[in-house]
There are 2 protein chains.
Amino acid sequence: MQIYQNPSEKNWPSLLERPPINQNTLLIEVQKIIGLVKIQGDKALRALTLRYDRIRLNDFLVDEKEMRAAVDVVSTDLQKAISIAAANIKKFHAAQVQRVEKIETSRYVHCWRKQVPIEKVGLYIPGGQAPLFSTVLMLGIPALLAGCAEIIICSPPDRQGKINPSILYACNYLGLKKVYKLGGAQAIAAMAYGTSSVPAVYKIFGPGNQYVTLAKQLVQQEGVGIDMPAGPSEVLVLADGTANPDFIAADLLSQAEHGADSQVMLVTTDVNILKEVQKSVQRQLDALPRKKIARKSLRYSKLIVIHDLSMAIRFINLYAPEHLILNLCNPVKIIDAIKNAGSVFIGPYTPEAAGDYASGTNHTLPTNGYARTESGIGVESFMKLITFQQMSRRGLSLLGPCVQTLARAENLYGHSAAVQVRLNKRGRI
Amino acid sequence: MQIYQNPSEKNWPSLLERPPINQNTLLIEVQKIIGLVKIQGDKALRALTLRYDRIRLNDFLVDEKEMRAAVDVVSTDLQKAISIAAANIKKFHAAQVQRVEKIETSRYVHCWRKQVPIEKVGLYIPGGQAPLFSTVLMLGIPALLAGCAEIIICSPPDRQGKINPSILYACNYLGLKKVYKLGGAQAIAAMAYGTSSVPAVYKIFGPGNQYVTLAKQLVQQEGVGIDMPAGPSEVLVLADGTANPDFIAADLLSQAEHGADSQVMLVTTDVNILKEVQKSVQRQLDALPRKKIARKSLRYSKLIVIHDLSMAIRFINLYAPEHLILNLCNPVKIIDAIKNAGSVFIGPYTPEAAGDYASGTNHTLPTNGYARTESGIGVESFMKLITFQQMSRRGLSLLGPCVQTLARAENLYGHSAAVQVRLNKRGRI
């Protein structure tokens, strides 16, 4: 852990920096994978799955039997926890569906916007070391609430050609039946362009490794929608002297265990808390199964003392953390000062883990400073707004001359003529 | 104009295709411009403005005197039209600001999302042949309603080093004072990275030529937000036998006059209307000052007969037009069947021109098929949603075990520990 005490503002830029992500080394490989899938379809998927996942698969779609088998394997405890989390996520996201509000902007001129589901979406669920069934809930529930007509899921098969049962259980629980045993860049390419067995989708969601992330960026350049640019996960804990060092340490560790590249930061107004936190981290670290990963991530973690709270907040807003934990005596007081963050956890009894899994908020959030401009995933991520307007003949007769003046001032006389031809129409208004 | 009568579905893909946009030829040039601005700042801006805009400028910021001079030049007619349009745009966009709704997802667990303005935004307003002051209104008004703390504008200078007075008038009308005489890729680079005279912003909005569009894509790859990928403007008119051919022709022409690459399409259920439209287009074309441009665009326009209305709608949804005009006997009946479009104009007396300028809706819309996944610009484009959550100790004691079960099932024991350390805390709940 790296300690900084009241760093001067001119040194802030280096503290605010994220590690550079060098994806160029993979570019040629990922381009090649995408090109193969685009041209050869399923044939390429079989070859690439054999090569990267080390398993020979003929069919990618998970069948009914496999689905049922997964349900039998998942413990009732986990089943119950999934149903509680799903209910909370559903409750929180259902409130995000917007009502249509028609506005008469001008007499007889009615305008409105309507949320319309994206017809076809694809969800990528990583496999590997952690079976992220929680991401099935976080993407699947808003997609269902949005009303997307086609929702497909890709998740990499293991060496036995299986997808982790808890992932399948979550899919089945939500009623998502189109689950494909596909991982990596080949899964992204399959969803982007479609093959005989995998339907093409309009927008692709979900986290993934460097292959997946780069593939998403590449297909985006060809017009396929993606959720957001993904980077390593981040937490910033803001703590004052009243905070419990064990809570802080546990929060830092729960971020650090995600991966060696996890971004872990503590900003505190109280220098005394620092040492306590350091000690507590050491104490708690040993109990973690993923301590090796956590230790690597902690090596680059930053513990920063900034005595002045408003200056600390300014620092945080510049950093724009994905997760921000406010472990303060009076956290509510500063909420309005938070300008840039993905998700904010208020007070000592609101650990990030709650939002990661079960409080109902989405855990797919902007990283790498994107919180300055981007939102986390919500129902609206699975929809777009279409604008509608309707004018009566009288409405056009009233607003038309204004439109014509503006159009002509932009040298667009055809626009003016499209109004005039209607105004010229004889007969009573 | 190209005519297609009831094309079979296997021929649809070629009809749905947009012209390929080959930007690779500009890539090296635009990368070089961006690199120069990034390294040399204002010095590069001066050199590039001399090179591309053919004018030597020392200062880029428009001063008070120039602003005032613009106000004096703009006719009172135009001033009045701008104020009407601005009022309608404001009315329509003000309704887009979301209220915060706190939700108790689980007992003592409160979650909410809050719209927070993007702190710094840059608006690019093209100069050139058409002084797009309307775009100042369409971007400036939602930015102001969102509450962005810093709003800057770049627009290219003419050979006299001036920005078109109507653009300056619109900026001044909205109270936007930071207007820079900068165009092209150099303007985008200046806003992305900042120079001594131009502040860096977090997100860049606005249309532009190929240089501008490519520059926006390149700075986006380095983490700067952009509004949306821009392509040539598009209209699709859907008409039945009741439609007035002159109205249709005028609508097609008002799109065609935008540029030689404008996408103009008519889909009709009635073959008889086609000939009338063709004749009317010829008749009306000659009256247009921009007929040369319109003629070029019309050469590639497509007039398509699809007898079956529901099949016509399916075709339209696959095309996902930026603008869709429903010139039908009963347009309201099919509104819910429209799945993919940027902005829909309902009925014979709702020309696109109204929405382009003054009805209140935004004219910055997804092109090139992006309407399948993207929305047009709204107040939310200038904001992001931050998630907040607050749990009491009792709330955590109730939900915590569920969180722990889920975390452990994903092998994230540190997440579970972050809950446990809090539950272990002694004392009364």
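**First stop: between two domains**

Across the interface of domain 1 of chain A and domain 2 of chain A, 0 salt bridges are found. Keep in mind as you look around that this is a predicted model.

To see the parts, colour chain A by its domain assignment: domain 1 covers 24-102 + 117-226, domain 2 covers 231-375, and domain 3 covers 392-424. The centres of domain 1 and domain 2 of chain A, taken over C-alpha atoms, are 29 Å apart. Their contact uses 11 residues of domain 1 of chain A and 12 residues of domain 2 of chain A.

How much area is buried between domain 1 of chain A and domain 2 of chain A? It is about 930 Å², with carbon and sulfur atoms giving 55%. Now select Gln129(A), Ser134(A) and Met138(A): together they supply 45% of the area that domain 1 of chain A buries against domain 2 of chain A, more than any other three residues.

Polar contacts do occur here, with 5 residue pairs counted between domain 1 and domain 2 of chain A. Next, highlight α5 (76-94) and α6 (133-146) of chain A, the elements that give two or more residues to the side of domain 1 that touches domain 2. By class, that side of domain 1 of chain A has 6 nonpolar, 5 polar and no charged residues.

**Second stop: a sheet in chain B**

Switch to chain B and show it as a cartoon. Look for an open sheet of 5 parallel strands, in the order β6-β5-β4-β7-β8. At its edges are β6 (179-181) and β8 (225-226) of chain B, each pairing on one side only. Strands of a sheet pair through backbone hydrogen bonds.

Zoom in on β4 (residues 120-124) and β5 (residues 150-155) of chain B, which pair in the parallel sense over 5 bridges. Select Lys120(B) and you can find its bridge partner in β5(B), Glu150(B).

**Third stop: where the chains meet**

Show both chains. Chain A and chain B each bring 113 residues to their contact, and the area buried between them is about 9,900 Å². How many salt bridges are counted between chain A and chain B? There are 6. Pick Glu380(A) and Arg113(B) to see a salt bridge whose closest N and O atoms are 2.8 Å apart.

Finally, select β13 (residues 343-346) of chain A and β14 (residues 383-391) of chain B: these strands run parallel, joined by 4 bridges. Within β14(B), Gln390(B) stands opposite Ile346(A).

Methods
Residues are numbered from 1 along each chain as its sequence is written. Chains are lettered from A and ligands numbered from 1 in the order in which they are written. This is a predicted model: local features need pLDDT of at least 70, side-chain atom pairs count only at pLDDT 80 or more; totals for chains, interfaces and linings use all residues. Side-chain values use heavy atoms; hydrogens and water are left out. Domain bounds come from an automatic or database domain assignment. Contact means heavy atoms within 4.5 Å. Buried area is the accessible area (1.4 Å probe) that two parts lose on being put together, summed over both. A salt bridge is a side-chain nitrogen of Lys or Arg within 4 Å of a carboxyl oxygen of Asp or Glu. A polar contact is a pair of N or O atoms within 3.5 Å; within protein, one must be able to donate a hydrogen and the other to accept it, and residues adjacent in sequence count only if both atoms are side-chain atoms. Ala, Val, Leu, Ile, Met, Phe, Trp, Tyr, Cys and Pro count as nonpolar, Asp, Glu, Lys and Arg as charged, and the others, Gly among them, as polar. Two strands pair if DSSP finds at least two bridges between them.
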